[in-house]
Amino acid sequence: MKQFFLGVFSLFTLFARELNYAPKARGVIEEKPIVVIVPSYNNKSFYQKNLESIFSQNYSNFRVIYTNDASSDGTGELVEAFVKAHGYEHKIKVIHNAENKGCFYNVYHMIHSCSPEEIVCKVDGDDWLNSKNALKRVNQAYADDRVWMTYGSDKSNYQRFPHSKPAPVVVLKKGKHRNLSWRFSHMRTFYAGLYQSIPKEHWLKNGEFYSVSEDTLQMMYLIDRARDHVFFIPEIIYFYNTDNPINDFKIKLKLQQRTAREMRRLPPIEGLLSKEEFLYNGE
């Protein structure tokens, strides 16, 4: 019996060691190029906190792409005024859509405007970074050449049951992540080239970008590509704002849940063997 429990304990210890925690580099490390993409619609109540959290980062080698998706509440004008007042014109590109395109469309086009070697950090227009060292922590992870993408732990207004947690490396390596409980939460980051390596048709349904659950599909296919090159950042560096009255989970919950289930049943795509496959051969 004693040997049995020792064996179970050894297996548990081995399993725990094989969770995909992101490495944390120490000392002076090179600042890799980071692009913060911000899809935004009707965020006049949140745009300032969103932008202040980004521009206050203890990190210099980053830029921002902000897409105002035809907001009807003046968000676009407020963002432009904020950028001009603080002299951030050299750090940000603000895109104004003439008509509402939806989050998925905007995210796709922002990422495809990036260079493959740039690290994309997605921050929704009603959310914000929870630490001034958020981008620095991301860069520490990517100092390890094994890291192609990360996910993390977010904080929210009334989060009671944190669902973010690391995934077993063996599951990722075998491409079985669709069978896991959902855990791939904010902040989600990845090399732009990794995303660009995924053909556009995988993001579409009946010829149109999915209207909800963009994050679910994005993570399913990105992890297909990256496999055991995806890592979990345990520090809480992202604030998920649940006070927005137009959050999808408040107004489109059933559609969101149904679409997410549908996405999990989609067949996986082929994994990549090296960074060179996406750094130099992005779509």
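User: In which loop is A70 found?

Analyst: In this predicted model, A70 is found in the loop between β2 (62-68) and α3 (75-86).

User: Why is A70 called partly exposed?

Analyst: The relative accessible area of A70 is 23%. Buried means under 20% and exposed over 50%, with partly exposed in between; A70 is therefore partly exposed.

User: Why is H186 called buried?

Analyst: H186 has a relative accessible area of 7%, and buried means under 20%, so H186 is buried. H186 lies in strand β7 (residues 185-191).

User: How do you know that the side chains of H186 and R188 form a polar contact?

Analyst: Their polar contact is 3.2 Å, and the cut-off for the N or O atoms is within 3.5 Å; the pair therefore meets the distance limit.

User: What makes the peptide bond from H186 to M187 cis?

Analyst: Its omega is near 0°. Most peptide bonds are trans. M187, too, is placed in strand β7.

User: Which residues have the most contacts inside the largest nonpolar core?

Analyst: They are V36, M149 and L194, in a core of 73 residues. Helix α8 (residues 214-226) gives the most to this core, with 7 residues.

Note on methods:
Residues numbered from 1 in each chain as written. Predicted model: local features only at pLDDT ≥ 70, side-chain atom pairs only at ≥ 80, totals over all residues. Heavy atoms only, no water. Core = buried A, V, L, I, M, F, W, Y, C linked by side-chain atoms within 4.5 Å. Buried < 20%, exposed > 50% of the residue type's maximum accessible area, 1.4 Å probe, protein only. Helix = DSSP H or I, 4+ residues; strand = E, 2+ residues; numbered from the N terminus. Polar contact = N/O pair within 3.5 Å; in protein donor to acceptor, adjacent residues only side chain to side chain.
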